[in-house]
Amino acid sequence: PVGGGRVSNITLRSLRKTLPATSEHKKTVSYQFRASLHRLMDTLNSTTPHYVRCLKPNDTKQPFMFNPRRMVQQLRACGVLETVRLSAAGYPSRWTYTDFFNRYRVLMRKSDVHNDKIQTCKNVLENLIKDVNKYQFGKSKIFFGAGQVAYLERLRVNQLRAACITVQKIMRGWLQRKKYLQTYKAIIVMQKYTRRFLAKQFVERSRQTRAAVTIQKHYRMLTVRRFYVLTRNSAITIQAWAKGMAARRTYRKMVQEQ
């Protein structure tokens, strides 16, 4: 039994040495907090942070209650209204050259497009906005004055609407032409069969008419021939009787004279 206990102790110790130490036992609260803070800082550094200002709608913290005066005071105290005023007085809208090119490429003419997107954007803005004080070109962005982006959006919407109308016009014209060609081919087929039917009827009527005329011709010829033969025979008979009567009279007269 003693030997068995020693063997078991040696086995447990060897197992403890061979088992790897887990990281959970090494991590303390401060280490976890520091690691979490490092991950948060890495996330913030890899993104573009936007700050959100929280405003209290009322001082009593009641739900569904909004105090406009209190809100204006907080906005003025935080400097938001002054920031908005300064931004509107200068160039509040800012677009990168790539975003501007992708957004307003529908307004570009063929002569405005170049391999350099910056030069292309400059050519487009010179044609669209005549007042050069309404926009400025930066190193990586274009700065627009107040109302210029709305003006460009209105031009873009009008251009897209005109393009949609053109596409609809061409599509409707194609559909109507396709429908017209189908109707035209159907009418031609109907006319072909109708004309063939009428031609067959005309030929049949012509054949019947020709047959009727032939029958009438032969019937009339037979009738006239019969009448002619009867009249000829009658005339010959009358002539024979008349000549016989004349001959007999002559004969009698000659007999009496002898």
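Leu-125 touches Phe-100, Tyr-135, Phe-137, Ile-142, Phe-144 and Leu-152, leaving aside residues up to four places away in sequence; a contact here means heavy atoms within 4.5 Å. This is a predicted model, so local features need pLDDT of at least 70, side-chain atom pairs count only at pLDDT 80 or more, and totals for chains, interfaces and linings use all residues. Residues are numbered from 1 along each chain as its sequence is written, and side-chain values use heavy atoms, with hydrogens and water left out.

Leu-125 also turns up in the largest nonpolar core, which has 16 residues. Such a core is a set of buried Ala, Val, Leu, Ile, Met, Phe, Trp, Tyr and Cys residues joined through side-chain atoms within 4.5 Å. Buried means under 20% relative accessible area, exposed means over 50%, and partly exposed is in between (1.4 Å probe, protein chains only). Along with Leu-125, the members that touch the most others are Phe-100, Ile-129, Ile-142, Phe-144 and Leu-152. Helices (H or I, at least four residues) and strands (E, at least two) are DSSP runs numbered from the N terminus.

Now for the cysteines. Cys-121 counts as buried because its relative accessibility is 0%, whereas Cys-164, at 45%, is partly exposed. There are zero disulfides in the structure, a disulfide being a pair of cysteine sulfur atoms within 2.5 Å.

Over in helix H3 (residues 29-46) sits Leu-37. With a relative accessible area of 41%, Leu-37 is partly exposed.
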